[in-house]
Amino acid sequence: MNCPYCLSVTTREQNRKTTLGYRIFRCRGCHHIFNERTNTPFNFLEYPTDLVLLVVLWRLRYTLSLRDLAEMFLERGWVFTHEAIGDWESRFAPLLAEHLRTRRRGQIGTSWYVDETYINVRGTWCSLYRALDRDGNLVDSRLSEKRDMEAAKQFFRQALATVGHAPERVTTDGHDSYPRAIREILGNEIMHCRNAYLNNHLEQDHRGIKQRYYPMRGCGNFTSASRFCRAFDEVRQFFRFRTTRKQHVSLADQRHLFCQRLDALKTMLLVA
């Protein structure tokens, strides 16, 4: 293992381990002593890295409150508070979302369907902009405090940076801010179709975030709501087993793909 301080390859593993079982190394160059989690986002955690990642993943993927998760892991012998889970979510959900966003770059189709739905944030309705491609894959999502021209421009600018290429066609509803935002951010050559009925599958897809956030009775503040919505959509897309909208995937294949992608996600974050 390379030294995280001087990047030297002349390190030597020690005979002892940390309390959580992580290997300890000593650098022969700078003489620093470090372990497997030194200089990583998971350093100084009092719990194993894979346990923390599993808690954050369950928080994003399933309809579980912070206290529900604390009780579920208490039965498994792990004692931590719901405040600790909230802290882990704020620290590692953006890390998880960024890795998954990077992984999707260049894999999105050229026909985008764009729409927005409403999320309650501390008693105020905010607009969640979301876009899917023709096959139902996530293009991007962004929470905005307003539903106006600037919000639409910021969404398309973010989607363009995430995907890496402009679409050939964009389908939206009749909101007045979309035509100008598409022209200025995506270009004049983009075909813009304004038809609310062609967005029906996207309207149905909004149910994912709606069903997940309803038990939370809204979000406490805009920052946490934006972080949660983005991470939720990225995790939901990562565990989406269909490659096309009407593809049939057997239950056995779904189980196999779930285990395969869960292992890949853990590996991806542990080596970050």
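Trainee: Before that, what am I looking at, and how are residues numbered?
Mentor: This is a predicted model, where local features need pLDDT of at least 70, side-chain atom pairs count only at pLDDT 80 or more, and totals for chains, interfaces and linings use all residues. Residues are numbered from 1 along each chain as its sequence is written, and side-chain values use heavy atoms, with hydrogens and water left out.
Trainee: What counts as a strand, and when do two strands pair?
Mentor: Strands are DSSP runs of E, at least two residues, numbered from the N terminus. Two of them pair if DSSP finds at least two bridges between them.
Trainee: How many bridges join S1 and S2?
Mentor: Four, in the antiparallel sense, with S2 covering residues 23–27. The two strands form a hairpin with five residues between them. Gly21 in that turn has a positive phi of about 95 degrees.
Trainee: And S2 to S3, how many there?
Mentor: Three bridges, again antiparallel. Phe25 has Phe34 in S3 as its bridge partner. This hairpin also has five residues between the strands, and His31 takes a positive phi near 65 degrees.
Trainee: Switching topic: what is the strand order in the sheet?
Mentor: S1-S2-S3, in an open sheet with antiparallel pairing. S1 (11–17) and S3 (33–35) stand at the edges with a single partner strand each, so one side of each is left without a neighbour in the sheet.
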